[in-house]
Amino acid sequence: MTSFLLPQRGRRKLDESIPPLLRPLIRAYVLGYASAVAPRLLTLVLQYVTRRRKGKGAASVTRTHDSFIASLQRILRGGLELQRFPTFCAALVGGTTLLEARLSTAASYLLAPGPMGIISLSRWLSSFIAAWLSLQLLQSKNTDGFSETVTINSDSQTTKHERIRYAGRTLDLTLFATTRALDVIVGELWSRRRQRRVAAGQWTQLETLLSRLTDTAIFATSSALVMWAWFYSPCKLPKSYTKWISSAAAVDSRLIEALRRCRKGELRYGEDTGQAPLLQSMCADYKWPLEWGDPVKAIPFPCEIVHMGCGPSCECHALSRFYRSFKWSMATYLPLNILARKKNLKGFQTAFLSAARSSSFLAAFITLFYYGVCLARTRLGPYIIGKDTQCRQFIDAGFCVGSGCFLCGWSVLIEKTARRNELALFVAPRAMATLLPRRYPLDKQWRETFVFAFSTAVVFTCARENPKRLRGVLGKVLGSVLEA
């Protein structure tokens, strides 16, 4: 049904059996179903294999098998529900293509512009309407995370409970569409400006440098916002994203909590505020002097606590972090790259080099974050800001974490240019989400719906009229799906 699900010959035969107007709708539904169900199925299979290995006895194996079958059925059926992502994709793409044919006919009667203007207008309006209605389909689903029961006391004797719904469930999807639309609009404006200035002989080296570093700067800024939110406000990030960052960071939660309390003012150097047991328990586990964890005696607590057993040297800790993070990353990237390449010597070589590059990027990201903390706490910060108690408090109350957040994203320079673009557009919506409330009053939901519909209309119109402007994998996928 699509080039990414069936071979070319099989796709052609299947497409011929479907009316042209319905082909985009069916492709979108299949792709949406696969993207919604496949990750959950993979997780389920991995959990099943792990439990079978750990299970002892026939009874345990039987229970594991029954649980697997029940979960499998629930996942497969869940993807078919009306208010789920596959139906949303079908409504969005199918609504766009079906409405376009009707609107272009109506527009030709009502408006005077040439054929190209009518086609562009009908495409934009059809995408806008389909996006508005399809997002409302997702928003109509009630979930516990975006509703709560409140108690209302009408008088002294009667108590009434009321269920209040909140908006924000589709915020990540809206920000994704917004990011892509901004990329299209800004990219087109910059491209036209470049053509004019090149033709006039006024294009400068500074503008060339800006063009090359834009994606890098977007990724670095977005990463800084995401890492700051992960450290101090993890509730602003999706749970799965927070869990993945925590797994990659491999940091003792007590250290994070200590720095959070420094920022809140609960842990203050030179004062006994009852916070000593937090880091002292960490000192006991790592066999360090208990005085290191006492904010009255240790001002500040030694950087060796940040190193978590790697010794006192910040540089040795950075090298150790890079090595461990590289191994952890290769365990993920190498199998995925091998699966995506041809199974021959050249394919394996390409897979290994690609995995090594991506692993180096992620390892450098983690290393720069930790070394940024060390630079602020030990290597540079005290010599620039000061070494008294107040300055030490300022450094550990956010300056050190901010330094790590600022540095880590520049590791993306290790990746290729095309990959930097994909990473920047992937992280940017998540960074924007940290600046907005995860849920908000339902009466404001129309604003989000409008932004999504407008952004989607821009992206879909661009996909039909100037597909090269849509950078990355999204352009190829949309072009394949929207093809009649």
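A: Helices (H or I, at least four residues) and strands (E, at least two) are DSSP runs, numbered from the N terminus. This is a predicted model, in which local features need pLDDT of at least 70, side-chain atom pairs count only at pLDDT 80 or more, and totals for chains, interfaces and linings use all residues. Residues are numbered from 1 along each chain as its sequence is written, and side-chain values use heavy atoms, with hydrogens and water left out.

Q: Which strand gives the largest share of the lining of the second largest cavity?

A: Strand S2 (residues 159-167) does, with three residues. A cavity is a set of points, on a 1 Å grid over the protein atoms alone, where a 1.4 Å probe fits but cannot get out; a pocket is an open set with protein on both sides within 12 Å along at least five of seven lines, and lining residues have an atom within 4 Å of a point.

Q: What is the volume of the second largest cavity, and which residues line it?

A: The volume is about 50 Å³, meaning the space filled by probe spheres set on the points, with grid points joined across faces, edges and corners. The lining consists of Gln139, Lys141, Thr143, Phe146, Arg165, Tyr166, Ala167, Arg169, Leu442 and Gln445. By class, four are nonpolar, three polar and three charged. Here Ala, Val, Leu, Ile, Met, Phe, Trp, Tyr, Cys and Pro count as nonpolar, Asp, Glu, Lys and Arg as charged, and the others, Gly among them, as polar.

Q: How many cavities of 30 Å³ or more are there in the whole structure?

A: The search finds three. The largest cavity has a volume of about 90 Å³.

Q: How does the lining of the largest cavity divide by class?

A: It has ten nonpolar residues, no polar and no charged. They are Trp230, Phe231, Val251, Leu255, Ile256, Leu259, Val306, Phe369, Tyr370 and Val373. H7, H9 and helix H13 (345-379) each supply at least two of the lining residues.

Q: How do H9 and H10 cross?

A: The axes of helix H9 (residues 253-264) and H10 come within 9 Å and cross at roughly 155°. Axes are lines fitted to C-alpha atoms, for helices over the stretch in contact, and angles run from 0 to 180 degrees between N-to-C directions. H9 is therefore roughly antiparallel to H10, a term for angles over 145 degrees.

Q: Changing topic, where is proline 300?

A: Proline 300 lies in the loop between helix H10 (276-286) and helix H11 (303-307). A cis peptide bond joins isoleucine 299 to proline 300, with omega about -5°.

Q: What about lysine 287: buried or exposed?

A: Lysine 287 is exposed, with a relative accessible area of 74%. Buried means under 20% relative accessible area, exposed over 50%, and partly exposed in between (1.4 Å probe, protein chains only). Lysine 287 is in the loop between H10 and H11, and its phi is near 60°, a positive value in a residue other than glycine.

Q: And methionine 308, buried or exposed?

A: Methionine 308 is buried, at 12% relative accessible area. Its phi, near 50°, is also positive in a residue other than glycine. Methionine 308 sits in the loop between H11 and helix H12 (314-340).

Q: Lastly, what lines the second largest pocket?

A: Its lining has 27 residues, of which Asp183, Gly187, Thr214, Asp215 and Arg471 lie nearest its centre. H7 gives the most, with ten residues.

Note on methods. Angles under 35 degrees count as roughly parallel, over 145 as roughly antiparallel, 65 to 115 as roughly perpendicular and the rest as oblique.
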